[in-house]
Amino acid sequence: MASLPEQADEVIDSILGDGTFDHPGHDGKHFGNYEGILPEEAGSYYREYTVSTPGLDHRGARRIVVGGGTDTDPDVWYYTADHYESFCAIPDAED
């Protein structure tokens with residue numbers, strides 16, 4: 001968590017808590033993993049959330065992608081700063 005932007009922490013808190021997001025029309029929706037970078041799972045396994053970038057007037061490239069579990073308790077957590085070109089796991093997201 002310490003290596004992620006502070007806005008990622010806000011998104012994680014929203015996923016685990018109240019479910020309010022800056023982009024409700026996009027956040028929590030299916031992520032297809034079409035790039036094939038994340039482990040292969042069933043079609044509806046992954047969901048994505050926008051991590052806002054200060055100074056931008058659009059969603060930007062930063063996302064948290066979660067998988068499995070429930071809407072408020074995902075099994076796996078990933079972060080991308082480059083719009084799905086690479087990911088890092090967030091093993092301590094729920095700590």
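Predicted model: local features only at pLDDT ≥ 70, side-chain atom pairs only at ≥ 80, totals over all residues.
Student: Which elements does the chain run through, from the N terminus on?

Tutor: The order is α-β-β-β-β-β, that is, one helix and five strands. The radius of gyration is 12 Å, close to the 12 Å that the globule rule gives for 95 residues, so the protein is as compact as a globular protein of that length. Along its principal axes, the C-alpha trace spans about 35 × 30 × 25 Å.

Student: What part of the contacts comes from residues 24 or more positions apart?

Tutor: Take the contacts with a separation of 6 or more: residues 24 or more positions apart account for 37% of them.

Student: Let's turn to charges. How many are positive, how many negative, and how far apart are their mean positions?

Tutor: There are 5 positive and 20 negative charges, and their mean positions are 7 Å apart.

Student: How many salt bridges does the structure hold?

Tutor: A salt bridge here needs a side-chain nitrogen of Lys or Arg within 4 Å of a carboxyl oxygen of Asp or Glu. The structure holds three. One of them joins Arg 47 to Asp 71, with the closest N and O atoms 3.7 Å apart. That pair links distant parts of the chain: Arg 47 sits in strand β2, while Asp 71 is in the loop between β3 and β4, 24 residues apart.

Student: Are Arg 47 and Asp 71 buried or exposed?

Tutor: Arg 47 is buried, at a relative accessible area of 10%. Asp 71 is exposed, at 54%.

Student: Which residues are linked in a network of salt bridges?

Tutor: Glu 48, Arg 59 and Arg 63. Glu 48 pairs with Arg 59, the closest N and O atoms being 3.6 Å apart. Here too the pair links distant parts of the chain, with Glu 48 in strand β2 and Arg 59 in the loop between β2 and β3, 11 residues apart. The side chain of Glu 48 also meets that of Arg 63, at 3.2 Å from N to O. Arg 63 lies in strand β3 and Glu 48 in strand β2, so this pair ties together parts 15 residues apart in sequence.

Student: What about burial in that network?

Tutor: Glu 48 counts as buried at 11% relative accessibility, and Arg 59 counts as buried at 18%. Arg 63 is buried as well, with a relative accessible area of 3%.

Key:
Residues numbered from 1 in each chain as written. Heavy atoms only, no water. Helix = DSSP H or I, 4+ residues; strand = E, 2+ residues; numbered from the N terminus. Rg over C-alpha atoms; globule rule 2.2 N^0.38 Å. Contact = heavy atoms within 4.5 Å. Lys, Arg positive; Asp, Glu negative; His and termini not counted. Charge placed at Lys NZ, Arg CZ, Asp CG, Glu CD. Buried < 20%, exposed > 50% of the residue type's maximum accessible area, 1.4 Å probe, protein only.
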